2 protein chains.
Amino acid sequence: MDVRAALFRRRSIKAFDPDHEIGEAVLREIMALALLAPSSYNLQHWRFVAVTDRGQKQRLKEAAWGQEHVGQASAVIVVCADPRAHLQAERCWSASSPETRARLAARIRNLYDGDERLQRDEAVRSGALVSMALMLAATEAGYDSCPLIGFEPGRVAQVVEMPGDWIAVMLVALGKRTREPAPKPYQIPLEEVVKLQSFKGRGLGA
Amino acid sequence: MDVRAALFRRRSIKAFDPDHEIGEAVLREIMALALLAPSSYNLQHWRFVAVTDRGQKQRLKEAAWGQEHVGQASAVIVVCADPRAHLQAERCWSASSPETRARLAARIRNLYDGDERLQRDEAVRSGALVSMALMLAATEAGYDSCPLIGFEPGRVAQVVEMPGDWIAVMLVALGKRTREPAPKPYQIPLEEVVKLQSFKGRGLGA
C-alpha cells in the first residue's frame, strides 16, 4: 500500500471487531517498522506496552473514560516516553566511535540537563512521531487504528505498571473496523494552513 | 512506494543539493497528504511556514545553530502549533450538526481550559504527528528530509514572524540527498522496547 493510500485509509476508527485477535508476529512486524521513526539525537525515548489481554484492555478502557473501542481493540498500544532519555545518551550511541559517542553525549547533556520543559516536549515529540509511523505501518498490515489522548494518565500508568516519572504520550488502539467512519469533519483550507516564507506570507496554492 | 519502503528510505539526511528547487505544486501535494494526520479532537493545532527563499533559509540556518543542511534544503518547513487551538473548537466542528458542535466544544473546553501543560503537550503532539506524515509523504514524492529540534525557538519565531505564543514544534528540511547517510546508530532491541500487557512484562518476540 503506498504512503498516499495509507494516509487516506487511516482514520480514527471508533468501532473494532472485539473477536479479532492480532498475532504476535504481526504486532512485531508493525512495531519493527514503527521503530524506524526518528528521535532527537537517536535517544529513542519510547517504550511500548502492547495490551492484548482482555482483562487488561478492560482496565485500560476504564482508565480511558470508558471508551468502548479501547475494550474492543485487538491491541492497545500504550506509548510511553522517558523525559530523562538524555541520561542514556552513551548507550544510544554505543555502536559509534568513542569520539563520536563522547562528543554527542556532551552535547545532549548540555542541551537537556536542567530544562524540564524541553525534556517533556522531547518525550512527547518522539512518542508522537513513532505513533504516526505505527499507525501507518498498521494500516499497511491491514489494521485500523485510533490514537487516544482521552484517558487518566495516572490510572493508565498504574494499569500497565509504567514508572510514574515516564509519560503516557498516547494510546494507539489497533483492530479491525466494523463500520466505516463518518466523513472527515471540517478541515481548515490548505492555503490558510501553509504559508510561504513567513507566517504572514501568501498561502501555498493561493 | 509502500509504507514499509518509505519508512526504510526515510533517514535524517544532513546534506542536500543546494541547487535543487522544489516546485509549489509538489509542496502542495506533500502538505495536502501530511494534513491527513490526526489531531486531538480535530483541532488542527498546526500551521506551517514553507521557507524556500534563499535569504530566509540562510536566516533559519543561523537560528538553527548554523547547521549547513538547513541552508542547503530545497524547503524548510517550520511546523508551528497553537497551544490555544482548543479555543477554535467551534470552527473545527463547523461542518457538523449544531448539537455535535456544541457537545464537542463543551468537552474540549472542559478538557483544556486552564491546563497549560496539557495545551502545550497537545500542540507538540499534533505537530509531531503531522511531521511524521509529512516526512513520509515527502519520501514518496522523491524528497529526503531531516527533522530538526536544534534551533533557538525565539529566533526561528522572529525569522518567520510566528506569534510568540505559538510553538515551533520542529523544523523539517526537505531536499535531495547528495550522499547516502551512515548506517543507523545503535537501536535498542525490539524485545526491550515493546513489552506485552505490562511495562514489566515479557518482551515482544522474546
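1. **Symmetry.** What rotation and what shift along its axis superpose chain B on chain A? The rotation is 180° and the shift is 0.0 Å, with an RMSD of 0.0 Å. That is the relation of a two-fold axis. In chain B, Asp2(B) has the C-alpha nearest the axis, 2.0 Å from it.

2. **Ground rules.** This is a predicted model: local features need pLDDT of at least 70, side-chain atom pairs count only at pLDDT 80 or more, and totals for chains, interfaces and linings use all residues. Residues are numbered from 1 along each chain as its sequence is written, while chains are lettered from A and ligands numbered from 1 in the order in which they are written.

3. **Chain A overview.** Chain A holds nine helices and five strands. Helices (H or I, at least four residues) and strands (E, at least two) are DSSP runs, numbered from the N terminus. The order of elements from that end is α-α-β-α-α-β-α-α-α-β-α-β-α-β. The C-alpha trace of chain A spans about 55 × 50 × 30 Å along its principal axes. Of its 206 residues, 50% count as buried. Buried means 20 or more other C-beta atoms within 10 Å of the residue's own; exposed means 12 or fewer; partly exposed lies in between; C-beta atoms are placed from the backbone. Take the contacts in chain A between residues at least 6 apart in sequence: 76% of them join residues at least 24 apart. A contact is two C-beta atoms, placed from the backbone, within 7 Å.

4. **The sheet with a strand from chain B.** Five strands form an open sheet with mixed pairing, in the order E3(A)-E4(A)-E2(A)-E1(A)-E5(B). Strands pair if DSSP finds at least two bridges between them. The edges are strand E3 (144-148) of chain A and E5 of chain B, each pairing on one side only. From one strand to the next, the twist averages 25°. Axes here are lines fitted to C-alpha atoms, for helices over the stretch in contact, and angles run from 0 to 180 degrees between N-to-C directions.

5. **Pairing around E1(A).** E1(A) pairs with E2(A) in the antiparallel sense, over six bridges. Here Phe48(A) stands opposite Val79(A) of E2(A). E1(A) also pairs with E5(B), in the parallel sense and over three bridges. Ala50(A) has Leu196(B) in E5(B) as its bridge partner.

6. **Helices around the chain A strands.** H7(A) lies across E1, E2, E3 and strand E4 (167-175) of chain A, at about 5° to E4(A). In helix H2 (residues 24-34) of chain A, which residues are buried? They are Leu27(A), Ile30(A), Met31(A), Leu33(A) and Ala34(A). Down the axis of H2(A) they fall within an arc of 160°, so they line one face of the helix. The arc is that of the directions from the helix axis to the C-beta atoms. These residues pack against E1 (46-51), E2 (75-81) and H7 (116-140) of chain A, together with H1 (3-9), H9 (190-193) and E5 (194-196) of chain B.

7. **The interface.** The contact takes 69 residues from chain B and 68 residues from chain A. H7(B) gives the most to the chain B side, with 11 residues. By class, that side has 44 nonpolar, 13 polar and 12 charged residues. Ala, Val, Leu, Ile, Met, Phe, Trp, Tyr, Cys and Pro count as nonpolar, Asp, Glu, Lys and Arg as charged, and the others, Gly among them, as polar. Of the interface residues of chain B, 99% are also interface residues in chain A, so the copies meet through the same surface.

8. **Strand E4 of chain B.** Is strand E4 (residues 167-175) of chain B enclosed or open? Nine of its nine residues are buried, so E4(B) is largely enclosed by the rest of the structure. Strand E2 (residues 75-81) of chain B pairs with E4(B) in the antiparallel sense, over seven bridges. There, Cys80(B) has Ala168(B) as bridge partner. Strand E3 (residues 144-148) of chain B also runs antiparallel to E4(B), joined by five bridges. Cys146(B) has Ala173(B) as its partner.

9. **A loop residue.** Asp19(B) sits in the loop between H1 and helix H2 (24-34) of chain B. Asp19(B) has 8 C-beta neighbours inside 10 Å, so it counts as exposed. Lys176(B) is 157 residues from Asp19(B) in sequence, yet 9.4 Å away in space, C-alpha to C-alpha.

Key. Least-squares fit on C-alpha atoms with pLDDT ≥ 70 in both.
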